[in-house]
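Subject: Structure handover

Hello,

Here is the structure I promised to pass on. Please open it alongside this note; the findings follow below.

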Amino acid sequence: MKFLAEIEIMPHKELLDPQGKTVAKNLKYINIDGVEDVRIGKHIKITLEADSQDDATEKVKTACEKVLSNPIMESFHFTLSEA
Amino acid sequence: MQVNDVLPDLVTAKNLGLTEDEFEKIKQILGRHPNFTELSIYAVMWSEHCSYKNSIKYLKTLPRDGKKLLVAAGEENAGLIDIGDRLACAFKIESHNHPSALEPFQGAATGVGGIHRDIFTMGARPIASLNSLRFGNIETPHMQRLIKGVVSGIGHYGNCFGVPTVGGEIFFNDCYNQNILVNAMSVGIVKHGETVSATAAKPGNLVLIVGSATGKDGIHGATFASADLTEDSAEDLPAVQVGDPFQEKLLLEASLEAIAANAVDGMQDMGAAGITCSTSEMSAKAGLGMKIDLSKVPTRQKNMHAWEILLSESQERMLVVCEPGKEKILFDIYDKWDLECEIIGEVTEGPMLEFYEGNTLVAEVPAESLVLGGGAPVYDREYTSPEYLEKIKAFKTSSIPTPDDIVQTAKKVMSSPNLVSKRWIYEQYDSMVRTNTVTTNAPSDAAVSYVKGTSKAIAMTTDCNPAYVFADPFKGTMIAVSEAARNIVCSGGEPVGVTNCLNFGNPYNPEVYWQFVHAIKGMGEACRRFETPVTGGNVSFYNQSQIGNQTIPVYPTPTIGMVGILEDASNHTTLDFKNTKDIIYLLGQTQNDLGSSEYIRSIYNVEYSNCPYFNIDDEIKLHDVIKKLIKQKIVSSVHDVSDGGMLATLLESAFVNDKGFKIDTEDNIRIDVALFGESQSRAIISMSETNEARIQELLLNNNIPFTRLGVVTDGEITVNNIDFGQITDWKKTFETKIENILEHKS
Amino acid sequence: MKFGVVVFPGSNCDDDMIHVLGDVMKSEVVKVWHKDTGLPGFNTSDCIVLPGGFAYGDYLRCGALAGLSPIMSAVKDFAAKGGMVVGICNGFQVLCEAGLLPGVLLANSSQKFICKNIHLKIENNETPFTRLTSKGDVLKIPIAHAEGRYYADENILGQLEMNNQVLFRYCSPTGEVADEYNPNGASRNIAGICNEGRNVFGMMPHPERASEEILGNTDGRILFESLLNHVLESA
């Protein structure tokens, strides 16, 4: 079976996100005010073959834990659908 | 005084890292029982990192005075040395070992950020940085991840901040497998009279916090000791600190602008122990106190406790003290640079540091009692000569057989990660920004940056061969200082000052402490002879590996950062062979000694051997003669003999312009000893035929031993009539070895 | 002729550029602050330089946030009137993000920051920025960037070639243009381009780092000399 995993990786909420902070400050230059916070992460799509939903979940989770995110700095969550 | 329901007991004090004696001493100082916030303040200020309690006794024996020194060692954030033309040079090296082992990218990045902050806090503009790295086995995936992370972290911060990384060194050894060392050095320039002191200056002055908001960074120890630790608060704790070089660049420009506007009375960056350390040190320095309202401190996270704000080590923050009335100038400047700035308190007559939350007094301690040189404890630990020294004494050079195939052996030695080019690493560092770096296009033993608007240049280097120090801490550290001085002299400079980064194991281990004490003695002895005062630096203890139930310290690694001056930048001397048929000399004498050489480590796996032959009088004589040769502008290249021995030196001189060499090694010395021995106080020079007579005369007049080794060729290498092949083949391994390992190319 | 060097927060080659233009080339040069909304005192025989560095920390995309700065509207007006604009490294990235030059600079194919000397072949010497060079000349100039891979779709690349807008390509020391001399994976080895009007120029390498004897390389000077010569000739 073919699955599509859509993974979102975000810096841990308690960590400083210099990039998000700088983007937030600059939105004023295009007259967007009222911005309270910006945090920037990554969106990753993986298409994969797996035996079952559980198997796919396991594979994606391992990929997230071992490579795609750095658990010291980032958290992840993902959705899985049949592709 | 806000008093918690339950006052902290000895168990809490111990959890915070304090001893029973220290806990008693705190009660004595205060004349009462401290609350948790106060206890946390003492715990961080009396920690090894802030108080130097286990090292200061010996650090004070180092030479700390010199005619060019503008501030005494330890007085300010970094050393300050007069370089003439009404300019001064500020420089310092610092470790970030444990954070880098946890998260290599951010650990190394924030290390670079911290050391630059120390320099521009004094009003100096950083013009160059260097780094000294120690890694374990490069072949393991774990170490490869650490190396890549550290290198890109250093690059990320330095490149963005806009200060060139001009030099450094890397040494691989299994003793660093679990505990890598990341030491970063910054060098800055400041005009006389534009320096700023880390002082509160006068009562009534305003205290401002500038830069990033304060979060719960770096407060693990205290958090887990605090009584009210809940699952929530543990989850709130950032495991690593994230560096923001962009913010620091703004902080740099704004700080220098504020100083130029005469609006700053005192300034201190926030590193370890954040607000606590900066307020207490600035107050104690002036013999004053401060009244601080912590509720005015901008915070990144909600509901922070007073002690969390006090201990936070969030990056890119400064404490600034100004006269009332000048705050408007500061607000305008910081606003121009989009930096947050808040008045958080004022300087008082003292002696107390008073911390409030709004109207509630949450902690009150005498500033003086917290700081090094004041009330902070000073210890002398016991030490004993390490057992392994017996194994070192047992080594004999004669036990090493002369190899049958010298060419193949040489190829193997020269492909050691310790000897090959670190190009893969340094190409990730911007070495040219600020357009001062002379050595990117003209390499020499030390990095050289010219000082715009003058005829001068500054030479910089970091050095330490930990294998030598392991074998003999006293002599090995003398060699580290000597090699640094030699690198500066070979580049055309005059050594003027030293900063040190002392990386050792656990000071409570008497064998480790023995290494520490003897290393300091050796450093002091060598620095006195070279007239290079030690202006400051840092101490990093507890660098060790846990193997089974054994704790193994890293090799003692007292990294020497040295700065030198080229009064005339045109005296800059490069290390490369320039013309075919130029004549090659070895200055100094090769001893029959293979101790601690890369050769016996890489070919024979010898772990215990003597520190290489070294005599400081020979070393000083060598420096004097090299200075004369350079001043007369009669040498074409100068390159010192160090790690890897003479063959490594010759190859490095040959690689730059794809030259080769045809040489005969010294009489009566085994070929492997001649090529790979690391006995000290030697250098390779090259010269044109026309200058040879003058050089010979100068060497003879100065009574320096020398050997005419041979000549520079078009690329072929011949040693004692043995064909060593073409330089281009050697260069291929030299240039690509590290890349091949780290990028898994074969 | 006067130069204005724009200082964005995070610019870090602004001082280097001012040093070369002022102390080395002996030209009049002033700093221009990113919050300025106009360029008073500059006319079309002057030149605005966007220097290298990490404007806004290169956060989001390099050049993206700087492109929103108030000064960039003024720079666009200035360029539209025919004033000369030069972007070096991060300045080139800003020009692309601001729409003053076509294409974009992507992460190097090695995914790493690279600082080293490279060689550039002159492709078009009939512009104010290259007029003292000869077609086919090779210059040794350093690069220092993590995002220098020039990219544009085939259409745009075709137009650039047709209009002779490619100024420099990465090459060997002897001028051979080939993949192995392309340090960052740039499309068609492109290192620098200009607009159709030949008054807006962008390049990734740093000529200001190769303009002084003491740094051991003066190959970059000819580009600044060209700008000065152009103004002199057209006066």
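What strand order does the open sheet of 7 strands in chain B have? The order is β21-β23-β20-β24-β22-β25-β26, and the pairing is mixed. Two strands count as paired if DSSP finds at least two bridges between them. Helices (H or I, at least four residues) and strands (E, at least two) are DSSP runs, numbered from the N terminus.

First, the conventions. This is a predicted model: local features need pLDDT of at least 70, side-chain atom pairs count only at pLDDT 80 or more, and totals for chains, interfaces and linings use all residues. Residues are numbered from 1 along each chain as its sequence is written, while chains are lettered from A and ligands numbered from 1 in the order in which they are written.

**The sheet in chain B**

Back to the 7-stranded sheet. Its edge strands are β21 (637–640) and β26 (722–726) of chain B, each pairing on one side only. On average, neighbouring strands are turned by 25 degrees against each other, direction ignored. Axes here are lines fitted to C-alpha atoms, for helices over the stretch in contact, and angles run from 0 to 180 degrees between N-to-C directions.

Inside this sheet, β20 (residues 583–587) and β23 (residues 683–687) of chain B pair antiparallel over 5 bridges. B:Ile584 has B:Ser686 in β23(B) as its bridge partner.

Two helices lie across these strands. Helix α22 (residues 616–631) of chain B lies across β20, β21 and β23 of chain B, at about 20 degrees to β23(B). Helix α23 (residues 646–655) of chain B lies across β20, β21, β22 (660–663) and β23 of chain B, at about 35 degrees to β23(B).

**Chain B overall**

Chain B holds 26 helices and 26 strands. It is divided into domain 1 (10–55 + 197–370) and domain 2 (573–746). Those bounds come from an automatic or database domain assignment. The C-alpha centres of the two domains lie 52 Å apart.

The C-alpha atoms of chain B fill a box of roughly 85 × 60 × 45 Å along the principal axes. For 746 residues, a compact globule would have a radius of gyration near 27 Å, and chain B agrees at 27 Å. That radius is taken over C-alpha atoms, and the globule rule is 2.2 Å times the number of residues to the power 0.38.

Buried residues make up 60% of the 746. A residue is buried if 20 or more other C-beta atoms lie within 10 Å of its own, exposed if 12 or fewer, and partly exposed in between; the C-beta atoms are placed from the backbone. Among contacts in chain B between residues at least 6 apart in sequence, 84% join residues at least 24 apart. A contact means that the C-beta atoms of two residues, placed from the backbone, lie within 7 Å.

**Chain A**

Chain A has 2 helices and 3 strands. Along the sequence they follow the pattern β-α-β-α-β. The radius of gyration is 16 Å, well over the 12 Å that the globule rule gives for 83 residues, so chain A is more spread out than a compact globule. Its C-alpha atoms fill a box of roughly 50 × 25 × 15 Å, taken along the principal axes. Buried residues are 24% of the 83.

Strand β1 (residues 2–11) pairs antiparallel with β2 of chain A over 8 bridges. There, A:Glu8 stands opposite A:His43. Strand β1(A) also runs antiparallel to β3 (residues 74–82) of chain A, joined by 9 bridges. In that pair, A:Ala5 stands opposite A:Leu80.

A:Ile44 lies in β2 (residues 42–49) of chain A. Why is A:Ile44 classed as partly exposed? Because 17 other C-beta atoms lie within 10 Å. A:Ile44 touches A:Ile7, A:Ile9 and A:Leu68, leaving out residues up to four places away in sequence.

**Interfaces**

Chain A gives 9 residues to its contact with chain B, and chain B gives 15. The chain A side divides into 5 nonpolar, 2 polar and 2 charged. Ala, Val, Leu, Ile, Met, Phe, Trp, Tyr, Cys and Pro count as nonpolar, Asp, Glu, Lys and Arg as charged, and the others, Gly among them, as polar.

The contact of chain C with chain B takes 25 residues from chain C and 25 residues from chain B. On the chain C side, α1 (14–24), β6 (114–122) and β7 (138–145) are the elements that give two or more residues. That side divides into 11 nonpolar, 7 polar and 7 charged.

Best wishes
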